[in-house]
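This report describes how the parts of a protein model meet one another.

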Amino acid sequence: MREYLDFEKPIAEIEDKLEKLTAAAQGRPSAEDDLRKLRTKLHQLQAEIYAGLTPWQRTQVARHPQRPSALDYIGRICDSFQELHGDRLYGDDQAIVAGFAKLNGQSVVVIGPQKGKTLKERMQRNFGMPNPEGYRKALRLMRLAEKFNKPVVTLIDTPGAYPGIGAEERGQAEAIARNLFTMASLKVPIVSIVIGEGGSGGALAIGVADRLLMLQNAVYSVISPEGCAAILWDDPKKAPDAAEALKMTAADLLRLGVVDEILPEPPGGAHRDPMAMCDAVKKAIALHLGEMLELPLEELLRRRTRKYRKIGVLGGE
Amino acid sequence: MAWFKKERSAHEDEDRKKVKVPEGLWLKCNHCRAIVYRKEVERSAKVCPKCEYHFPISVEDRIDLLLDLGTFREWSPDLAPADPLHFKDTKRYTDRIQAAQQSTGKKDAMVIGEGRINGNRIALGVFHFGFMGGSMGSVVGEKVALAADGALRERIPLVMVTTSGGARMQEGILSLMQMAKTAAAVSRLAEARIPYIAILADPTFGGVTASFAMLADVILAEPKALIGFAGPRVIEQTIKQQLPQEFQRAEFLLEHGMIDQIVPRKRLKETVSSLVGFF
């Protein structure tokens, strides 16, 4: 079953018509013409709707339940994958998946939060909201990557770090801070891709990178539009306004100099053609990793240091 | 990320309604709610005589408390915020900045510089909570980085005093990136083996706790200071339960191994001075 978002209603209607007509036509050549017209109309409509998405609508696409997840990408683009579990301190956080993978023959460490698709899996994975042990597992694997001189690839899709009692007791803030600290000078290339939702510090904790890429309909923000609306507007229903104000789309982040490249999505979003999306992501990772791997280590680190030292916009006197 | 500020001001409003405190002479403690004599509080470095709660203090008082008198020299005092997102909620960000600058006399929420502590030179950074809840935007991030750069250049210890609601929403993703910027800045200090001491005061939350605040070589906190990643209100809404009484207080963090010591304000200077002497 395909799930449609509110603004996709016109698309749903045409697809429904198309399906019925296809069934009725049963290969009759006279129906072919109508079908072709309908398909053209569908593509136009899709292109139109998706070109004019508001930031809030884009947030819905970024959170689409059928959007490809980190595990979908890993399964499709890696030749082999060995998941590694646990932070060796407290537990294994299933909200983050991490392990060794082969990508075009190159060993890499790949890390990505996983929201889960079924309700059961969502509960198991805490809706993709990591606890400190998730970040510490990621840290352990980044250290492994550094030890064996393998690049790190992170696929970001999380509502944010989990705000819970246990998370605070076990040092959620320290876990995130430690990852930022470590990634700032990790002695291997890091490529991060925001594939869905980039939720604040919980996303940044695996997102300090030499190259930061973003899918066209992904979002990345300091706070969720709902959270921002609740605080600044005192009204969670103002989330669409907050999404607009926060400048959280891929195009905004490219303009602000935070993102290095936007990866275009198939018409109607990544979930409409996951295979094509995966292939595009694979190509982009290979390209950027290739460039990073050619740099001498000192140059790589010098550029990373400069990039984060400069980030921010200051006013005049 | 600035959840906590809201919660507090709601409390304060409520209190103001319930108990009329005569302006000037008396103060109401934020923690034990006792009515205390203002002069007595001021004499004891703004500490509640009943419960030892440490009231927020101004940047100037904090500097006087920590450094040898008259030794502070401010660095980059003119750095001011911009409005890269042209952010507007119920108010324009530029209006909020202007109002905060007028009421505080500061350009943004952080003051950095250098001074002496019992004769030893240190670099110092102090948050000003009164400026938009001590939130961290591009100016605060840049000043933390400049303080770390200065400490590195002069090879003197860095001391940071934090009071902050977290990242500044009005600068969006650029505020978030200040977490990476400040963490990277203190990581360069660590590589050069320059000591870094953090003093967490009430309150310290969100993107500040989850970046340079928790990355110090030695982390001190003032008694009863609220410190955490997520604000109490967010956690309550998420788990739909009431939080334990002393949750996220400095004592709670000490018990859970997250900080090194709780130090009463009056003993901060001698403690930092002693610590600096070990490096």
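## Domains of chain B

Between domain 1 of chain B and domain 2 of chain B, the predicted model has three residue pairs in polar contact, both residues being at pLDDT 80 or more; a polar contact is a pair of N or O atoms within 3.5 Å, where within protein one must be able to donate a hydrogen and the other to accept it, and residues adjacent in sequence count only if both atoms are side-chain atoms. On the side of domain 1 of chain B that touches domain 2 of chain B, the residues divide into three nonpolar, three polar and two charged (Ala, Val, Leu, Ile, Met, Phe, Trp, Tyr, Cys and Pro count as nonpolar, Asp, Glu, Lys and Arg as charged, and the others, Gly among them, as polar). Zero salt bridges are found across this interface, a salt bridge being a side-chain nitrogen of Lys or Arg within 4 Å of a carboxyl oxygen of Asp or Glu.

Domain 1 of chain B spans 10-52 and domain 2 of chain B spans 56-278, with bounds from an automatic or database domain assignment. Their centres, taken over C-alpha atoms, are separated by 24 Å. Eight residues of domain 1 of chain B are in contact with nine residues of domain 2 of chain B (heavy atoms within 4.5 Å). The two domains of chain B bury about 680 Å² between them, 58% of it on carbon and sulfur atoms; buried area is the accessible area (1.4 Å probe) that two parts lose on being put together, summed over both. In domain 1 of chain B, the most area is lost to domain 2 of chain B by His31(B), Ala45(B) and Lys46(B), together 59% of what that side buries.

## Domains of chain A

Chain A is likewise divided, into domain 1 (7-52) and domain 2 (59-310), whose C-alpha centres lie 35 Å apart. Six residues of domain 1 of chain A contact eight residues of domain 2 of chain A. About 520 Å² is buried between these domains of chain A, 48% of it on carbon and sulfur atoms. Glu8(A), Gln46(A) and Tyr50(A) lose the most area on the side of domain 1 of chain A, together 72% of what that side buries.

One salt bridge crosses the interface of the two domains of chain A. Glu15(A) forms a salt bridge with Arg272(A), with the closest N and O atoms 2.8 Å apart.

## Interface of chains B and A

The contact between the chains takes 61 residues from chain B and 50 residues from chain A. Together the chains bury about 4,800 Å², 73% of it on carbon and sulfur atoms. Within chain B, Met169(B), Ile173(B) and Phe229(B) lose the most area to chain A, together 14% of what that side buries.

Two salt bridges are counted between chain B and chain A. Glu142(B) forms a salt bridge with Arg309(A), the closest N and O atoms being 2.9 Å apart.

## Basis of the values

Residues are numbered from 1 along each chain as its sequence is written, and chains are lettered from A and ligands numbered from 1 in the order in which they are written. In this predicted model local features need pLDDT of at least 70, side-chain atom pairs count only at pLDDT 80 or more, and totals for chains, interfaces and linings use all residues, while side-chain values use heavy atoms, hydrogens and water being left out.
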